[in-house]
Amino acid sequence: MRVIEVTRFGGPEVLALTEVPDPSPGPGEAVVEVAYANVLWIDTAIRAGLAGAWFPDRPPYRPGSGVAGTVATVGAGVDPAWIGRRVVTQTGPGGGYLDRALVPVDDLFAVPPTVSLRDAAALLTDGLTAFAVLDLVGGVRAGERVLVTAAAGGAGAVLLQAAQAGGARVVGAARGATKRDALRRLGAEDIVDYSAPDWTDRVRAVLGGVDVLLDGAGGAYGRAAFDLVVPGGRTCAYGAPAGGFAVPDPASARDRGVAVTGIGDLRALTVQARRHHLLAALDAVATGRVAPLVGQTFPLDRAADAHRAIENRETVGKTLLSV
């Protein structure tokens, strides 16, 4: 089968397509014929050698964290009824940019009939993250004022829609006309552009203040957004594409009574919590409350192009590999 490996830390060119033997399932395992592979911004940071403080991967290693596809074979002790079922699953050290994934059967999630494999792959990390973030901030209530940064990202688009569905007044922040147009197609009512120097003033003009900040941007954008949060508000800083996770000043947060959560809380989620949030995301799409924003797919042998597009901020929504 084909698999992408990282031969050394460096640019996208270090992603190498190679052939390896097909996996054979052992007891309690299944082999998934992959249709779509999950690609994350953090994959590019790990590949570049910039995420060693958070992730242990060292070359040579196989990138990727999850796939959607169809169960091809199962090992001893596994119900053969799994064969032929559409599933989405996290992958382990074997990587996720590949033709066939060997995974424990307990890690398989059946994809609802009304959800495509493409959308299921898009939800695997970003949908799970979005619903976990909502849980960390205690949910979003009708009438609350919510700011979603990186709203045209995979998780941001889910958060924006879920908050609107809950009756909140939501502003989505994104950069560029293409991303703003994508958010409008998802039903976003109020959008601001980071490229405007007065973008935070524009948020104030719409919301007055922010009760809940869902920060997927980080960097200077996340720090500026935190200044908009009203006393007693809530925030979760879960993303870092703009230059690191925006960790609010503890003294400022304490003085204003702002409840702060972030990437550390997400990484501490139990397996049971992760399963719960992924199932919630799948159900939200199956029932029509949320639609994943999949902006682009690349063939497996163009994984390097997918990484370049993400690093150059040329992507909208979720990026996937099609296999």
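1. Let's start with α3 and α4. Helix α3 spans residues 126–136 and helix α4 residues 154–165; the two pack at an angle of about 50 degrees, with their axes 8 Å apart. That angle makes α3 oblique to α4 (angles under 35 degrees count as roughly parallel, over 145 as roughly antiparallel, 65 to 115 as roughly perpendicular and the rest as oblique). Axes here are lines fitted to C-alpha atoms, for helices over the stretch in contact, and angles run from 0 to 180 degrees between N-to-C directions. The crossing is right-handed, meaning that the near helix is turned clockwise from the far one by less than a right angle. On the α3 side the contact (heavy atoms within 4.5 Å) is made by D126, T129, A130, F131, V133 and L134; α4 brings G154, A155, V158, L159 and A162.

2. A word on the basis of these remarks: this is a predicted model, where local features need pLDDT of at least 70 and side-chain atom pairs count only at pLDDT 80 or more, while totals for chains, interfaces and linings use all residues. Residues are numbered from 1 along each chain as its sequence is written, and side-chain values use heavy atoms, with hydrogens and water left out. Helices (H or I, at least four residues) and strands (E, at least two) are DSSP runs, numbered from the N terminus.

3. Do look at L128, which also sits in α3. With 7% relative accessibility, L128 counts as buried (under 20% relative accessible area; exposed is over 50%, partly exposed in between, with a 1.4 Å probe and protein chains only). Beyond its neighbours within four places in sequence, L128 contacts Q90, L123, R274, H277, L278 and A281. By C-alpha atoms, L128 is 21 Å from G167, 39 residues apart along the chain.

4. Residues up to four places away in sequence aside, H277 touches G127, L128, F131, A132, D135 and L269.

5. Now the sheet. Six strands form an open sheet in the order β10-β9-β8-β11-β12-β13, with parallel pairing (two strands pair if DSSP finds at least two bridges between them). Its edge strands, β10 and β13 (259–262), each pair on one side only. From one strand to the next the twist averages 20 degrees.

6. β8 and β9 are joined in the parallel sense over five bridges, and T149 stands opposite A173 in β9. Strand β12 (residues 229–237) pairs with β13, also in the parallel sense, over four bridges; there, A237 has G262 of β13 as its bridge partner. Five of the six residues of β9 are buried, so this strand is largely enclosed by the rest of the structure.

7. Finally, which residues of helix α6 are buried? In this helix (residues 199–207) they are W199, T200, V203 and L207. They lie on the same side of α6, because they cover an arc of only 100 degrees around the axis, taken from the directions from the helix axis to the C-beta atoms. These buried residues pack against β8 (145–149), β9 (169–174), β10 (190–193), β11 (210–215) and α7 (219–226). The helix lies across β8, β9, β10 and β11, running at about 165 degrees to β9. Just after α6, G208 takes a positive phi of about 85 degrees.
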